[in-house]
Amino acid sequence: MSNYPPPPGQPGQPGEPPPTQIAPQGGVPQGPPAGYPQQPPQQPYGGAPGGGYPPPPGGGYPAPPTGGGGGNKGLVIGIIVAVVVLVLLGGGGLWWALSSGDDSNDSAGDTTSESTEATSASTPTSASTSAPTTAPTTDLSTEPTATTTPDVDPAINAQAFLDSFLEGNCLAVQGFSTPDYWNSEFGSQKACKKASPAVQMSNAQYTFDAPTDNGDGSITLTADVYAPDTDSTLACTWTMIPDETLDWLISGFQYTQQ
């Protein structure tokens with residue numbers, strides 16, 4: 001075995017007691033030599049002289065919680081139960097509101113249907129109110145207007161026609177003539193004026209005979225006309241027919257001087 005101590009930081013061989021160091025100048029050994037692990041001094045139990053733990057600042061330790069973790073669990077369970085109850089109450093209120101709305105809509109629909117039916121029953125249909133009270137007339141036996149005898153004295157138009165012609169008022173002559181007679185006899189205002197003798201007829205004297213019905217809606221009218229301006233008498237004959245305005249028009253005329 002070597003008489004040299006082990007190098008610093010290396011312990012001795014297992015099972016060997018640590019060598020002691022010789023104090024200088026014959027002193028008492030000071031513990032294990034360098035290189036052996038130092039054992040920390042043992043503290044008395046409790047960490048303070050006299051034993052026990054030193055009291056914390058402020059005096060005493062806080063009381064340990066009672067009941068362990070059961071209080072926190074109970075609080076969590078209570079919160080969960082309250083949430084479930086609120087959810088159930090909210091769902092029930094929503095269901096009740098929807099059910100009430102459907103009932104009110106059904107009631108309103110029933111009321112509207114009943115009101116509509118009552119209105120339909122009390123209001124007559126347009127067909128019943130607009131139906132004609134009399135059947136339309138389809139009788140075609142009514143005589144045309146042109147064949148209906150006008151309620152006008154034909155002698156008035158006959159005299160007006162002759163006075164207008166003899167004086168040369170050809171616009172009036174055309175107005176009292178049928179279109180066919182005017183076109184066949186004169187054809188124009190110029191030809192009418194050329195045929196007129198242009199005499200004064202304001203003091204003429206007319207003697208009419210009763211009109212003769214020709215059977216076709218027309219009549220024949222005769223008269224003797226004395227014109228002092230010419231000092232002669234004219235034997236005149238008019239053929240007259242009613243127009244659509246129920247007035248007599250000249251469809252033929254002739255005269256001879258006596």
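## Overall layout

Reading from the N terminus, the protein chain goes α-α-α-α-α-α-β-β-β-β-β. That comes to six helices and five strands, where helices (H or I, at least four residues) and strands (E, at least two) are DSSP runs numbered from the N terminus. This is a predicted model, so local features need pLDDT of at least 70 and side-chain atom pairs count only at pLDDT 80 or more, while totals for chains, interfaces and linings use all residues. Residues are numbered from 1 along each chain as its sequence is written, and side-chain values use heavy atoms, with hydrogens and water left out.

Of the 258 residues in the protein chain, 19% are buried. Buried here means under 20% relative accessible area, exposed means over 50%, and partly exposed is in between (1.4 Å probe, protein chains only). The accessible surface of the chain is about 18800 Å², and carbon and sulfur atoms own 59% of that; the areas come from the Shrake-Rupley method with a 1.4 Å probe, and for residues only the protein chains shown count as cover. Among contacts with a separation of 6 or more, 43% link residues 24 or more positions apart, a contact being heavy atoms within 4.5 Å.

## The main core

The largest nonpolar core holds 28 residues, and Leu162, Met201, Trp238, Met240 and Phe253 have the most contacts inside it. Such a core is a set of buried Ala, Val, Leu, Ile, Met, Phe, Trp, Tyr and Cys residues joined through side-chain atoms within 4.5 Å. H3 is the top contributor, with six residues.

Take Met201 as an example. Leaving out residues up to four places away in sequence, Met201 touches Asp163, Leu166, Glu167, Tyr206, Val225 and Ala227.

## The disulfide

There is one disulfide in the structure, and the pair is Cys170 and Cys192, with S to S at 2.3 Å; the cut-off for calling a disulfide is a pair of cysteine sulfur atoms within 2.5 Å. The torsion about its S-S bond is about -95°, so this disulfide is left-handed. Cys170 sits in H4 and Cys192 in H6 (residues 189–195), so the bond ties together parts that are 22 residues apart in sequence.

Both Cys170 and Cys192 are buried. Another cysteine, Cys236, is buried too, at 2% relative accessibility.

Ile77, Val81, Val85, Leu86 and Leu89 make a nonpolar surface patch of about 500 Å². Patches are made of residues with over 30% relative accessible area and no salt bridge, with like charges joined within 9 Å and nonpolar side chains (Val, Leu, Ile, Met, Phe, Trp, Tyr) within 5 Å. A salt bridge, for its part, is a side-chain nitrogen of Lys or Arg within 4 Å of a carboxyl oxygen of Asp or Glu.

Val81 belongs to helix H1 (residues 70–122). With a relative accessible area of 47%, Val81 counts as partly exposed.

## Loops worth a look

Most residues other than glycine have a negative phi. Ala198, in the loop between H6 and strand E1 (205–208), has a positive phi near 55°, and Ala198 is exposed at 56% relative accessibility. Asp231 also has a positive phi near 55°; Asp231 lies in the loop between E3 and E4 and is exposed at 59%.

Other loop residues are tucked away. Thr178, in the loop between H4 and H5, is buried at 9% relative accessible area and touches Ile241, Leu249, Ile250 and Ser251, not counting residues up to four places away in sequence. Ala204, in the loop between H6 and E1, is buried at 16%. Setting aside neighbours within four places in sequence, Ala204 is in contact with Val225, Tyr226 and Pro228.

## Pairs across the chain

For Ser184 and Gly252, 68 residues apart along the chain, the C-alpha separation is 9.9 Å. Ser184 itself is in helix H5 and is exposed, with a relative accessible area of 58%.
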